[in-house]
Amino acid sequence: MSLTPAGQRYYEKIASALQQIADAGHELTPGGTARWLKIMVVPAFAKRWLMPRLEALLEQRPGLKIAIEPNPTFEAVDGQRADLGIAYGLPGQYGRRTITLLHPNVFPVCSPAYLAAHGPLAGPKELATHKLIHVDDGEWWNAWLAALGCPLRVSSEVLYISNDHALSMAEKGHGIALANEVLVHQELAAGSLVRALPLQAPLERYQALLPPGPHSTDVEWFIDWLSAELRREFPELA
């Protein structure tokens, strides 16, 4: 898969921005011996869920410093590069050294203005007449439609590097994007996004990926913290 020039520019911008936020978080760490925890994360989860909780996380683990590498396509973690990864994919996609964190539902979202101008939608087949926002060549939309038993198949002429960019386009009224509860919980509550259809299906799972070999107590603590926070915020998905 090749990125559009706009997608590549977006990836470069978000990678820099997320690293700056992580660097700022390092300054919040209390004194003492610093212990670095290097995490590779899919960008949308990093920006929309993990980053807003970074300060509280560091307060609970004195001496810990976190370096975050946003990466939308990794399927394994090299221990020389990161201590763990947080990925979003299917069971078995990342090998055996994985821990399932959450299995959220996937559903279509759009801006209230878009729905007012182009809706309501009576069913998933009507998506064929709408502007769909893609993060791949149509595979994710088609997997979601198939999970609903809908025969419609779609394809993409333009794709975006991450779900975060796709959801930002949806918020601006440019069409309908797929999302899950973790990524758009706040936007749905605030009303900047609405569900385009009252249909949903669980597809991928958030998973913690471990590199080969032993891992530190900080890695164990972080995974426990991450699992507990996700279960607390989304108890219906635990």
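1. Start with Pro-198, which counts as exposed because its relative accessibility is 75%. Here buried means under 20% relative accessible area, exposed means over 50%, and partly exposed is in between (1.4 Å probe, protein chains only). Pro-198 sits in the loop between strand E7 (194-195) and strand E8 (201-202). Helices (H or I, at least four residues) and strands (E, at least two) are DSSP runs, numbered from the N terminus. Between the C-alpha atoms of Pro-198 and Ala-122 there are 9.7 Å, and 76 residues separate the two along the chain.

2. A word on the basis. This is a predicted model, in which local features need pLDDT of at least 70 and side-chain atom pairs count only at pLDDT 80 or more, while totals for chains, interfaces and linings use all residues. Residues are numbered from 1 along each chain as its sequence is written, and side-chain values use heavy atoms, with hydrogens and water left out.

3. Now the whole chain. It has eight helices and nine strands. Of its 238 residues, 50% are buried. Contact means heavy atoms within 4.5 Å. Take the contacts between residues at least 6 apart in sequence: 81% of them join residues at least 24 apart. The accessible surface is about 11,400 Å², and carbon and sulfur atoms hold 52% of that. Accessible areas come from the Shrake-Rupley method with a 1.4 Å probe; for residues, only the protein chains shown count as cover.

4. Next, the largest pocket. Its volume is about 820 Å³. It has 30 lining residues, and Pro-72, Tyr-88, Gln-93, Val-135 and Asp-136 are the closest to its centre. Helix H2 (43-50), strand E3 (84-89) and helix H5 each give two or more residues to this lining. A pocket is an open set of points on a 1 Å grid over the protein atoms alone, with protein on both sides within 12 Å along at least five of seven lines; a cavity is a set where a 1.4 Å probe fits but cannot get out; lining residues have an atom within 4 Å of a point. Grid points are joined across faces, edges and corners, and a volume is the space filled by probe spheres set on the points.

5. Where does the largest pocket lie? It lies between domain 1 (34-103 + 204-233) and domain 2 (106-195), because both give residues to its lining. The domain bounds come from an automatic or database domain assignment. By class, the lining has 21 nonpolar, five polar and four charged residues. Ala, Val, Leu, Ile, Met, Phe, Trp, Tyr, Cys and Pro count as nonpolar; Asp, Glu, Lys and Arg count as charged; the others, Gly among them, count as polar.

6. The second largest pocket has a volume of about 250 Å³. It is lined by 15 residues, with Lys-131, Leu-132, His-134, Ser-155 and Glu-157 nearest its centre. The classes here are eight nonpolar, five polar and two charged.

7. How many cavities of 30 Å³ or more are there? The count is one. The largest cavity holds about 40 Å³ of space. Its lining includes Ile-133, His-134, Trp-140, Trp-141 and Leu-178. Helix H5 (139-147) and helix H6 (163-171) each give two or more residues to that lining. Six lining residues are nonpolar, two are polar and one is charged.

8. Look at H5 itself. Its buried residues are Trp-140, Trp-141, Asn-142, Trp-144 and Leu-145. Their cover includes E3, strand E5 (105-110), H6, strand E6 (177-180) and E8. Just after H5, Gly-149 has a positive phi of about 80 degrees.

9. H2 is mostly covered, with seven of its eight residues buried. Pro-43 lies in this helix. Pro-43 counts as buried because its relative accessible area is 3%. Its C-alpha atom is 6.1 Å from that of Asn-71, which is 28 residues away along the chain.

10. Is Pro-211 buried or exposed? Pro-211 is buried, because its relative accessibility is 8%. It is placed in the loop between strand E9 (205-209) and helix H8 (217-233). Beyond its neighbours within four places in sequence, its contacts include Val-77, Asp-78, Leu-84 and Arg-97. Gly-79 is 132 residues away in sequence, yet 5.1 Å away from C-alpha to C-alpha.

11. Last, check Pro-120. The peptide bond from Gly-119 to Pro-120 is cis, with omega near -5 degrees. Most peptide bonds are trans. Pro-120 lies in the loop between helix H4 (112-118) and H5.
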